[in-house]
Amino acid sequence: MEPIEELRSGKIPEEIAEESLQFGEELQTLMSVPPESGNSFTALLELLPNQAVRLLHAPEKVAEQTGAPKLYPYAPMFPSNSALIDRASKFSVFATANPPERKSVPVKQEPVESDSHLNSSPGMSDSVVPSSDHKSSKRKEREKKVKAPSKKSKNADDDKEKLPYVHVRARRGQATDSHSLAERARREKINARMKLLQELVPGCNKISGTAMVLDEIINHVQSLQRQVEFLSMRLAAVNPRVDINLDGLFTTEGGSMMESSFPSMCMPSTCLEGQVNGSINRQHYQNLWQFDLHHQPAWVREDDNTNFLTPDNSLLSYDSVANSASLQTNQLKMEISAKIQQPQSTPTLSVKDYGAVGDGVRYDTHSIQSAINDCHSLGGCHVIFPPGNYLTATIYLKSDVILEIQQNATILGGTKQKDYPKENAKWYVVVAEDAENVGITGGGEINGQGLKFVTRFDERKNVMVSWNKTGDCLGDECRPRLVGFLRSRNVRVWDVKLVHPAYWCLHLVQCDNTSIHDVSIYGDFNTPNNDGIDIDDSNNTFITRCNINTGDDAICPKTYNGPLYNLTATDCWIRTKSSAIKFGSASWFDFKGLVFNNITIVESHRGLGLQIRDGGNVSDVTFSNINITTRYYDPSWWGRAEPIYVTTCPRDETSKSGSISNILFVNITATSENGVFLSGCKGGLLSNLKFVNVNLTYRRWTNYMDGLVDYRPGCQGLVNHSSAGFLMEHIDGLEAVNVDMRWSEDHLGRWNTPLDFKPSTVNNISLTDFHSGFLQTGTVSEAGDSFSS
């Protein structure tokens with residue numbers, strides 16, 4: 001049961017219950033309590049005593065019955081022990097804000113006025129029993145006698161030192177503090193508890209009662225502080241950047257403890273304010289990935305509540321003599337800070353301990369998989385690969401397992417079809433299916449031995465083997481991928497090298513919450529289909545500080561079976577013979593909310609590509625702070641050196657037309673051998689495209705043939721067309737602001753068309769500070785055009 005539920009259910013920890021019982025027995029021995037109705041008790045909120053205690057026990061129910069206001073939204077829940085409630089109602093009082101100081105006067109002990117006492121006198125009959133009026137008159141006379149000396153000594157008492165305890169009015173029939181050691185002991189205990197309560201709850205100077213009732217209130221306050229302590233440590237573990245105000249957490253200067261504890265905490269409603277009109281607060285999104293998903297302390301897990309602080313191990317455990325609340329507060333601050341800053345040790349299992357050889361010749365599959373299985377059974381750990389070469393067939397990564405491939409350690413993927421499962425969708429060297437909290441790190445590498453799949457090496461494009469003879473796979477791309485995460489959550493890949501894939505390198509399929517950072521990907525530059533990172537139908541993906549140098553597409557979001565939302569890629573370096581960033585061409589579903597920032601693209605066949613072929617829609621995408629260099633390669637590779645390429649041409653006659661809208665290109669610098677290509681279609685227009693602060697330089701430096709427009713795959717294929725600065729088709733809404741386009745001098749006349757479009761298919765074009773001119777060494781020639789509207 002959760003700690004909060006224990007409080008609400010009325011259960012008390014055994015230590016507190018024993019202390020209450022022990023104090024009750026001690027109180028019985030120190031004083032004799034006459035059976036009295038308790039009418040002199042002044043309850044909380046001036047209610048009757050039984051109602052006051054019931055209000056503490058079940059505030060909402062009693063408040064409804066009596067019409068009394070609720071004490072607070074979440075009132076403490078006290079035990080339902082009827083004896084404890086009865087005793088509390090007899091001894092509790094409600095002190096005023098400034099109780100008058102009185103000098104206790106001896107009061108004569110009188111017989112208890114009960115039926116048993118009146119009838120105990122044999123010489124008295126019912127006819128001679130004093131009437132109630134007679135009793136009242138005698139009682140008034142006695143009270144006047146008591147009050148008289150009290151008034152006379154009032155001035156004398158003011159000059160004396162105040163009593164060092166919270167004064168509690170003596171009940172009728174009981175001795176005051178000046179005549180009873182039991183009463184003095186009782187008041188000292190109440191005073192000690194009251195002082196602690198006033199330190200725990202600033203401004204709490206209007207509540208008084210028996211020690212048992214005060215103990216219950218103190219226990220409740222301490223339990224609330226333990227909950228705050230527990231939640232603050234959980235917050236610190238989830239996001240170390242959250243500023244936990246420890247000084248405000250236990251302030252003693254007044255005010256609500258919860259209101260003053262977390263002034264700087266970002267609540268969900270405020271954190272989402274950055275996502276307005278389709279834009280994304282990238283700083284907030286990046287902060288979500290700053291913590292290590294796989295180094296969380298044990299008590300962060302939802303199914304583990306055994307480490308909740310109890311009265312035994314909490315620094316706020318009640319000790320009214322040895323500790324003060326201020327001392328406990330300082331100790332608690334230190335304890336919380338230590339727990340937040342203390343690195344958590346992570347269990348590890350070494351594949352060497354399971355029999356792995358690591359010689360690169362003998363298969364270590366069984367040893368590696370056994371270590372992963374045991375790690376998963378233990379509830380999660382790191383599986384260590386010491387330096388060595390570990391040849392393996394497919395290995396299956398499981399929930400809460402991190403592969404830690406140390407430096408100078410390499411996992412080698414098998415090169416035989418029998419090394420992989422029967423189902424070709426699971427052809428990976430390392431694969432995780434339906435897993436959570438999984439990852440790969442360590443500084444080592446995973447090597448797919450892609451060059452062993454080459455049947456003929458060719459500088460233009462290698463010819464690769466295809467495992468399509470058995471019927472398990474069709475086409476010429478039947479080769480194993482390197483690393484795959486299928487339908488997984490909380491995936492993290494960092495500080496690792498992924499090299500020489502035979503097919504796609506890092507593949508995400510229907511994943512959620514993925515972080516990829518500080519990863520180096522290298523594929524043979526002449527090998528086709530060795531994509532860097534393919535993101536299929538996956539949401540909330542963050543990629544940063546990656547180096548991708550490969551033959552085919554580098555970062556490639558796709559939608560086969562579902563939409564793709566919230567992909568952010570920043571601070572990456574890319575070189576490829578195909579497209580550095582490519583949407584599609586698999587595009588049956590929507591793409592929305594993607595950000596690409598601070599990316600360098602060098603010597604690639606295409607820079608930024610949106611290739612929608614299957615009816616999906618693209619919207620709300622930002623490309624910012626990107627440097628691009630594109631060039632021609634052999635025409636067998638898709639692309640014609642376009643720095644920016646946007647198209648919605650359907651794949652074939654059976655395909656639907658998709659749309660592309662709300663795309664922003666800002667702070668883009670490109671040097672390329674061809675111009676920008678923007679081509680919609682009749683059923684899939686390009687709309688609301690915006691170019692801001694764009695510098696384009698066009699020049700030739702390779703000998704490959706130009707004068708071609710590339711619509712592949714499908715659509716129209718390669719089409720002859722002269723080069724242009726902007727080639728535009730089927731567009732409704734384009735705005736260019738501060739665009740500078742420069743052309744190298746070319747005697748062949750390649751650069752005669754800055755803007756190439758037909759008014760019948762292109763509408764709503766706005767050009768502001770649009771410049772076009774020749775590029776010369778150090779200066780710009782006077783020849784050129786300038787547009788502004």
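C681 is buried, at a relative accessible area of 10%, where buried means under 20% relative accessible area, exposed over 50%, and partly exposed in between (1.4 Å probe, protein chains only).

A word on the model itself: it is predicted, so local features need pLDDT of at least 70 and side-chain atom pairs count only at pLDDT 80 or more, while totals for chains, interfaces and linings use all residues. Residues are numbered from 1 along each chain as its sequence is written, and side-chain values use heavy atoms, leaving out hydrogens and water.

## The three disulfides

The structure holds three disulfides. C375 and C381 form one of them, with sulfur atoms 2.1 Å apart, and both C375 and C381 are buried. Another joins C473 and C478, whose sulfur atoms are 2.0 Å apart. The torsion about the S-S bond of C473 and C478 is about -85 degrees, so this disulfide is left-handed. Both C473 and C478 are buried.

C649 and C715 form a disulfide too, with sulfur atoms 1.4 Å apart; at 85 degrees about the S-S bond, their link is right-handed. The pair links distant parts of the chain, 66 residues apart: C649 is in the loop between β26 (644-647) and β27 (660-672), and C715 in the loop between β30 (708-710) and β31 (718-720). C649 is buried, with a relative accessible area of 10%, whereas C715 counts as partly exposed at 27% relative accessibility. C572, by contrast, is in no disulfide, and the nearest cysteine sulfur, that of C546, is 4.7 Å away.

## The chain as a whole

The chain has 16 helices and 36 strands; these are DSSP runs numbered from the N terminus (helices H or I, at least four residues; strands E, at least two). Of its 789 residues, 49% count as buried. Among contacts (heavy atoms within 4.5 Å) with a separation of 6 or more, 74% are between residues 24 or more positions apart.

## The nonpolar core and F583

A nonpolar core is a set of buried Ala, Val, Leu, Ile, Met, Phe, Trp, Tyr and Cys residues joined through side-chain atoms within 4.5 Å. The largest one has 102 residues, and I440, F485, F583, F596, F623 and L678 have the most contacts inside it. Setting aside neighbours within four places in sequence, F583 is in contact with several residues, including P557, F591, L594, F596 and F623.

## Aromatic rings

The whole structure has 18 aromatic pairs. Rings of Phe, Tyr and Trp (its six-membered ring) pair if their centres lie within 6.5 Å; planes under 30 degrees apart count as stacked, over 60 as edge-to-face and the rest as tilted. F525 and Y633 are edge-to-face, because their ring centres are 5.8 Å apart and their planes at 75 degrees. Both F525 and Y633 are buried. The rings of F583 and F623 have centres 6.3 Å apart and planes at 55 degrees, so that pair is tilted. F583 is in strand β22 (residues 579-583) and F623 in strand β25, 40 residues apart.

The charged end of R575 sits over the ring of F525, 3.7 Å from its centre, and that of R606 over the ring of Y645, 3.5 Å from its centre. Such a charge has NZ of Lys or CZ of Arg within 6 Å of the ring centre and within 35 degrees of the ring normal.

Note on methods: Disulfide = S-S within 2.5 Å.
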